[in-house]
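Please find below some notes on the model you sent. They are numbered so that each point can be taken up separately.

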There are 2 protein chains.
Amino acid sequence: MGLTKTEYFTDKQNAIATMAKALGHPARIAILEYLLKVDTCICGDIVNELPLAQPTISQHLKELKSAGLIKGSIEGTSICYCIDEKGLEKMQNYFATISLKLNKKNNKCC
Amino acid sequence: MGLTKTEYFTDKQNAIATMAKALGHPARIAILEYLLKVDTCICGDIVNELPLAQPTISQHLKELKSAGLIKGSIEGTSICYCIDEKGLEKMQNYFATISLKLNKKNNKCC
DNA sequence: TTATTATATTGCAATATTACGATATATAAA
DNA sequence: TTTATATATCGTAATATTGCAATATAATAA
């Protein structure tokens, strides 16, 4: 037990859940918003910006990356992280579709 | 340790993270999509629909409810759950805003 | 009142997440 | 090569999540 039963759900459901889970921590929301705000995007900047230790931030960046929400490329000694537009587009599309369906449907049963 | 440091982040960041976290499980995505699909929305239906035990589903419903993503009202012996449009609108707005900012910005540094 | 039915809560085992110190790695500068 | 700088990984403690059997609660039916 304590193990999510991913095999019982569709790939799409699992994919959305994985991305949502990656955004389910305020530090990772803060990282996303910081990357959106700045032009230069180096990991060190994020460490200075957030009140968390460097290994913790590195871990959060890894999670955002593996969820397809950010990308990172080596830039000399440092690493340039930036938003992965594809991942965010998927989230945007998902919620836009849900909202559209919700509007079509007369959600007045409760 | 092991405790999320919510006090270091803004209320808005925490609010989005809380809702994203609630959607960070495929069963909860499946519940949302089921509520969107059906007209009648009784907890028992969800228990029949998903391959999880009744207490597990009850727990997932509780999480979605406390995150403001669904609402529940007593309907005789059973409970009528349905989508909370306000919560989903917040998520939709958030990702729409992010996408808009991303388009304005020339995200070409990586 | 006594079933019956529907949902919630409790308790617990298995697993995952969060955070960080210590350390490793890898590039650039001296 | 040695040193400095930037980021990643390891190991680990504290806490949270997932899932379910057992049980509680609460409304209706008999």
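**Notes on the model**

1. E49(B) has a relative accessible area of 42% and is therefore partly exposed; the classes are buried for under 20% relative accessible area, exposed for over 50%, and partly exposed in between, with a 1.4 Å probe and protein chains only. K37(B), with a relative accessible area of 59%, is exposed. E49(B) and K37(B) form a salt bridge in which the closest N and O atoms are 3.7 Å apart; the term stands for a side-chain nitrogen of Lys or Arg within 4 Å of a carboxyl oxygen of Asp or Glu. This pair links distant parts of the chain, with E49(B) in helix α3 (residues 43-49) of chain B and K37(B) in helix α2 of chain B, 12 residues apart. Helices (H or I, at least four residues) and strands (E, at least two) are DSSP runs numbered from the N terminus.

2. On conventions: this is a predicted model, in which local features need pLDDT of at least 70 and side-chain atom pairs count only at pLDDT 80 or more, while totals for chains, interfaces and linings use all residues. Residues are numbered from 1 along each chain as its sequence is written, chains are lettered from A and ligands numbered from 1 in the order in which they are written, and side-chain values use heavy atoms, with hydrogens and water left out.

3. Chain A has a salt bridge between E49(A) and K37(A), again with 3.7 Å between the closest N and O atoms. E49(A) is in helix α3 (residues 43-49) of chain A and K37(A) in helix α2 of chain A, so that the pair, 12 residues apart, links distant parts of the chain. E49(A) counts as partly exposed because its relative accessibility is 41%. K37(A), at 61% relative accessibility, counts as exposed.

4. Another salt bridge joins E63(A) to R28(A), where the closest N and O atoms are 3.3 Å apart. E63(A) belongs to helix α4 (residues 54-66) of chain A and R28(A) to helix α2 (residues 26-37) of chain A, so the pair ties together parts that are 35 residues apart in sequence. E63(A) is partly exposed, at 34% relative accessibility, whereas R28(A) is buried, with a relative accessible area of 7%. Over all chains the structure holds four salt bridges.

5. How many salt bridges does the rule find across the interface of chain B and chain A? The count there is zero. Polar contacts between chain B and chain A number 14 residue pairs, both residues at pLDDT 80 or more. Such a contact is a pair of N or O atoms within 3.5 Å; within protein, one must be able to donate a hydrogen and the other to accept it, and residues adjacent in sequence count only if both atoms are side-chain atoms.

6. On the side of chain B that touches chain A, α1 (11-22), α2 (26-37), β2 and α5 (85-104) of chain B each supply at least two residues. The most comes from α5(B), with 11 residues. The residues of this side divide into 31 nonpolar, 10 polar and eight charged. Here Ala, Val, Leu, Ile, Met, Phe, Trp, Tyr, Cys and Pro count as nonpolar, Asp, Glu, Lys and Arg as charged, and the others, Gly among them, as polar.

7. In terms of contact (heavy atoms within 4.5 Å), 49 residues of chain B meet 49 residues of chain A. About 4400 Å² is buried between chain B and chain A, and carbon and sulfur atoms give 70% of it. Buried area is the accessible area (1.4 Å probe) that two parts lose on being put together, summed over both.

8. Two residues of chain A touch chain B. S99(A) is in helix α5 of chain A and counts as buried, at 11% relative accessibility. Leaving aside neighbours within four places in sequence, S99(A) is in contact with L88(B) and Q92(B). N14(A), found in helix α1 (residues 11-22) of chain A, is buried, with a relative accessible area of 14%. Not counting residues up to four places away in sequence, N14(A) touches T6(A), F9(A) and P26(B).

9. In chain B, strand β1 (residues 70-75) and strand β2 (residues 78-83) pair in the antiparallel sense over six bridges; pairing requires that DSSP finds at least two bridges between the strands. K71(B) has C82(B) as its bridge partner in β2(B). The two strands β1(B) and β2(B) form a hairpin with two residues between them, and G76(B) in the turn has a positive phi of about 75 degrees.
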